[in-house]
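Hi everyone, thanks for coming. I'd like to walk you through a structure that may be new to you, so let's bring it up on the screen.

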Protein chains: 2
Amino acid sequence: MPRWNPDARARLVAAAVELFRERGYESVTIGEIAERAGLTRRSFFRHFPDKREVLFAGSREKTPEIAEMIAAHGDDVSARDAAFRTLTEVGDYLLHDRAAQALRQDLIASSLELQERERTKMAAMGAAVADGLRARGLPVDDAEALGAVATEAFHLAYLRATREAEPTPFADHLATSVAGITRLLTV
Amino acid sequence: MPRWNPDARARLVAAAVELFRERGYESVTIGEIAERAGLTRRSFFRHFPDKREVLFAGSREKTPEIAEMIAAHGDDVSARDAAFRTLTEVGDYLLHDRAAQALRQDLIASSLELQERERTKMAAMGAAVADGLRARGLPVDDAEALGAVATEAFHLAYLRATREAEPTPFADHLATSVAGITRLLTV
DNA sequence: CAGCTTATGACACAGAGTGTCGTCCCGCTA
DNA sequence: TAGCGGGACGACACTCTGTGTCATAAGCTG
């Protein structure tokens, strides 16, 4: 697809990650990112709506897909299982390159702005889960609640997966989180 | 305490809410808010770190209190009950003026920026709950998980409480949310 | 080759935040 | 009463974000 230099978007992401790690997220300017990527400040904004989004490029707009995956499960699968099986797939996909994700999580942890955006992405995923569950016929309130809690469990599992030394399957992390939450709620 | 006109902070909040309702959050300038409050733009930033925060003035820094309330419950109360009893109190306090809260939620719903900040506030509450639970001796992972889920339940209950026509006790909303989540997780 | 599309550069501009300095008002103290 | 010190504010000045607009160069199509 690309016409000029093939990977403007990828170059911007790489330049941003490099600079953020060198000097910290907040002290890096969009102009500096663009310069290192061989572009102008104006072009940065043609690829990303703001500075934070450059670290969430991959997660962008996969939410319809998530809703479809959940809705695709048959009625023989409970709403809970449809949600968690789907989120297991999502987690496996995201954790394909664990080292990169761990690095990304370090950056996010270093900036309140990035944490704020991370929560937004998680909320979008929760809404997508809720959409899929509603398409399966689950009442709106239940869909919202399960979407929110499943996403919270996903996030906990995801954070722990990116931090562990020995990689263990994401499914295990997610199952542990869900079991923990269930146990804590039923006392 | 106040030296000049007694309520600079409150005047800024009032001016901001008025203007946001008149013309929408995004098209209002901080300079305009300050002007209506009889101050300068620079003084706005002496009271609030940014434009979003003016709508979260009340919720600011009550988190240590929440942690203390949870830790204060004796060992005869389960972690779950300590958390939810505390959040019931918080909800009752926040919903003292339901009309104002409903209005505030309308504003938040109108802006992605404000929704992002709302989630940050909720996350801060979740961390406070986790702090309190850890002080009670709950393992870190459990404290994080319960803090996150309890806060999610709180948020759902809070949103529904601000939207209903006939005011019903917040405790009922929260109990309903928790029961729903538990039911959905245990299939 | 002519015409259309697309990514980009080049300005220009409003607005968010921040640093700094001066000023005015208050309470306190001699 | 005179002076002192601190806290809240105004006045600039400045960097950076984010956006609108227009021009340009490269590719694609007929």
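Let's start with the kinds of residue involved. The surface near DNA strand C is made up of seven charged, six nonpolar and four polar residues. Please keep in mind as we go that this is a predicted model.

So who are these residues? There are 17 of them surrounding DNA strand C, and the closest include Ala8(A), Thr40(A) and Ser43(A) from one chain, with Asp50(B) and Lys51(B) from the other. As for elements, those giving two or more residues to this surface are helix 3 (41-47) of chain A, plus helix 2 (30-36) and helix 3 (41-47) of chain B. Which element gives the largest share of the surface near DNA strand C? That is helix 3 of chain A, with three residues.

Now let's turn to DNA strand D. Two or more residues each come from helix 2 (30-36) and helix 3 of chain A, and from helix 3 of chain B. Helix 3 of chain B gives the most to this surface, with three residues. By class, the surface near DNA strand D has four polar, six nonpolar and seven charged residues.

One last stop, this time from a database. An unreviewed UniProt entry annotates residues 29-48 of chain A as "DNA-binding region". In the model, that stretch of chain A is 70% helix and 0% strand, and the C-alpha atoms at its ends are 14 Å apart.

Definitions and conventions. Residues are numbered from 1 along each chain as its sequence is written. Chains are lettered from A and ligands numbered from 1 in the order in which they are written. This is a predicted model: local features need pLDDT of at least 70, side-chain atom pairs count only at pLDDT 80 or more; totals for chains, interfaces and linings use all residues. A residue is near a molecule or strand if its C-beta atom, placed from the backbone, lies within 6 Å of it. Helices (H or I, at least four residues) and strands (E, at least two) are DSSP runs, numbered from the N terminus. Ala, Val, Leu, Ile, Met, Phe, Trp, Tyr, Cys and Pro count as nonpolar, Asp, Glu, Lys and Arg as charged, and the others, Gly among them, as polar. UniProt positions are given in the numbering used here, feature names are shortened, and annotations may be inferred rather than shown by experiment.
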